[in-house]
Amino acid sequence: MEYFRHEGDWFVKADDDTYMVMENLRFMLSQYKTEEPWYFGCKFKRYVTSGYMSGGAGYVLSKEALKKLVTIGLEDKKGTYCRQDEHGPEDLEIGKCMEKLNVSRLFQGYRK
């Protein structure tokens, strides 16, 4: 975050087998402000009250959501917001963090 936070407004996490139509993504994101905490993706319903975004399909964090994740969630060594060890699926743990950090979600698609 420290090195790249000023170089982007939106940050995408995607696997190496994930495909995105960048023009469509750019169009969708143009309707939202990066100064607000946003978390977009394909929703999995399990384990998190309001669901979490599938890491396999990829997800997008606004600049403000990434800032909250890094400066609040990961800096809290007690694990109040985010798990502090390397256990658990990454996408599920990010979803739990986003929920605890009060980051707004927008679901694009739904999977059980």
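## A walk through the cores and aromatic pairs

Let's start with helix α2: its buried residues are covered by, among others, β1 (10-13), β2 (38-44), β4 (59-62) and α3 (90-100). Contact here means heavy atoms within 4.5 Å, and helices (H or I, at least four residues) and strands (E, at least two) are DSSP runs numbered from the N terminus. Keep in mind that this is a predicted model, where local features need pLDDT of at least 70, side-chain atom pairs count only at pLDDT 80 or more, and totals for chains, interfaces and linings use all residues. Residues are numbered from 1 along each chain as its sequence is written, and side-chain values use heavy atoms, with hydrogens and water left out.

So who is buried in α2 (residues 63-73)? Ala-65, Leu-66, Lys-68, Leu-69 and Gly-73 are, with buried meaning under 20% relative accessible area, exposed over 50% and partly exposed in between (1.4 Å probe, protein chains only). They span an arc of only 160° around the axis, so they sit on the same side of α2; the arc is that of the directions from the helix axis to the C-beta atoms.

Helix α1 (residues 22-29) buries Leu-25, Met-28 and Leu-29. Looking down the axis of α1, these fall within an arc of 95°, so they line one face of the helix. On the other side of α1, Glu-23, Arg-26 and Phe-27 are exposed.

Now for the cores. A nonpolar core is a set of buried Ala, Val, Leu, Ile, Met, Phe, Trp, Tyr and Cys residues joined through side-chain atoms within 4.5 Å. The largest has 16 residues, and Tyr-39, Leu-61, Leu-69 and Met-98 touch the most other members. Its largest share, four residues, is supplied by α3. There is also a second, separate core of seven residues, including Trp-10, Leu-25, Leu-29 and Trp-38.

On to the rings. The whole structure holds five aromatic pairs, counted when ring centres of Phe, Tyr and Trp (its six-membered ring) lie within 6.5 Å; planes under 30 degrees apart are stacked, over 60 edge-to-face and the rest tilted. One of them is the tilted pair Trp-10 and Phe-40, 5.7 Å centre to centre with 55° between the planes. Trp-10 is in strand β1 and Phe-40 in strand β2, 30 residues apart. Both are buried. Another pair, Tyr-39 and Tyr-59, is edge-to-face, at 5.8 Å and 75°. Tyr-39 lies in strand β2 and Tyr-59 in strand β4, so this pair ties together parts 20 residues apart in sequence.
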